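Hi everyone, and thanks for coming.

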Amino acid sequence: MERNELYPVFLKVDNLKVLIVGGGNVAEEKLTFLLKSSPNAKVEMISPMYRDETVKLARKHNVKMCKGKYKKRFLKKKHIVVATTDSPKVNEKVYTDCRKRSILVNVADNPPFCDFYMGGIVTKGNVKVAISTNGKSPTTAKRLRQFFEDVIPENIDDLVKNLNKYRKTIKGDFEEKVETLNEFTKGLVNKK
């Protein structure tokens, strides 16, 4: 059986600089996804044209929008790049330019040209669950996201905050604290 070997991380994108290359439907989808999860992300876009809805969303979140064609100079001081153009040649150029500069890159709908995938995300307060299908089926990730949105209780954030307060009162070394918290929270997993 094939196995997903991706390493999940949660990036503080308000501390990083993100570039989206493109201004069409896919660019809007990626921008929406990013800002829904991280509304304070520092994002810049480059495209010869933008959809009206993309412009509205970008203005609402202070996204810098440049009008024109992609040039490698736009990569300066960027940490993450998402290429969404309808030109495979431009997308591959973005990928090659990013790889030369050790910039993480995602070329939409082209897994061999991705250092990372933008999976399904469920957020309830401080709790965030990320879902990956290894780039094989975004639709499955979407359906799993919907499932988890339904089954994770709305008050999960209250539990997390209370456990954080409790954690600060526990005495002992790291191992003892982990053991105490594990014992205290094992009731969250109801095995039948």
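Let me begin with one definition: a residue counts as buried when its relative accessible area is under 20%, and as exposed when that area is over 50%. Please also keep in mind that this is a predicted model.

Now the overall picture. The protein has 6 helices and 7 strands. Starting at the N terminus, the order of elements is β-α-β-α-β-β-α-β-β-β-α-α-α. The C-alpha trace spans about 55 × 40 × 30 Å along its principal axes. Of the 192 residues, 34% are buried. If we take the contacts with a separation of 6 or more, 54% of them are between residues 24 or more positions apart.

On to salt bridges. Side chains of opposite charge can pair when their charged atoms come close. How many salt bridges does the structure hold? There are 10, and I'll show you three of them.

In one, Lys-124 pairs with Glu-154, with their closest N and O atoms 2.8 Å apart. Lys-124 sits in strand β6, residues 120–124, while Glu-154 is in the loop between α4 and α5, so this pair ties together parts that are 30 residues apart in sequence. Is Lys-124 buried or exposed? Its relative accessible area is 9%, so Lys-124 is buried.

Next, Glu-44 and Lys-78 meet in a salt bridge at 3.1 Å, N to O. Here again distant parts of the chain are linked: Glu-44 belongs to strand β2 and Lys-78 to the loop between β3 and β4, 34 residues apart. In this pair, both residues are buried.

Lys-56 and Glu-53 form a salt bridge at 3.2 Å, N to O, and both lie in helix α2, 3 residues apart, or about one turn of the helix. Lys-56 is exposed at 54% relative accessible area, whereas Glu-53, at 41%, is partly exposed.

Finally, let's look at the surface. The accessible surface comes to about 13400 Å², and carbon and sulfur atoms hold 52% of that. A patch of positive charge gathers Lys-17, Lys-42, Lys-76 and Lys-77. Lys-76, one of that group, is in the loop between β3 and β4 and is exposed at 63% relative accessible area. There is also a nonpolar patch of about 360 Å², made by Tyr-7, Val-9 and Leu-11. Val-9 lies in the segment before β1.

Technical notes:
Residues are numbered from 1 along each chain as its sequence is written. This is a predicted model: local features need pLDDT of at least 70, side-chain atom pairs count only at pLDDT 80 or more; totals for chains, interfaces and linings use all residues. Side-chain values use heavy atoms; hydrogens and water are left out. Patches are made of residues with over 30% relative accessible area and no salt bridge: like charges are joined within 9 Å, nonpolar side chains (Val, Leu, Ile, Met, Phe, Trp, Tyr) within 5 Å. Accessible areas come from the Shrake-Rupley method with a 1.4 Å probe; for residues, only the protein chains shown count as cover. A salt bridge is a side-chain nitrogen of Lys or Arg within 4 Å of a carboxyl oxygen of Asp or Glu. Helices (H or I, at least four residues) and strands (E, at least two) are DSSP runs, numbered from the N terminus. Buried means under 20% relative accessible area, exposed over 50%, partly exposed in between (1.4 Å probe, protein chains only). Contact means heavy atoms within 4.5 Å. Lys and Arg count as positive and Asp and Glu as negative; His and the chain ends are not counted. The place of a charge is taken as NZ of Lys, CZ of Arg, CG of Asp or CD of Glu.
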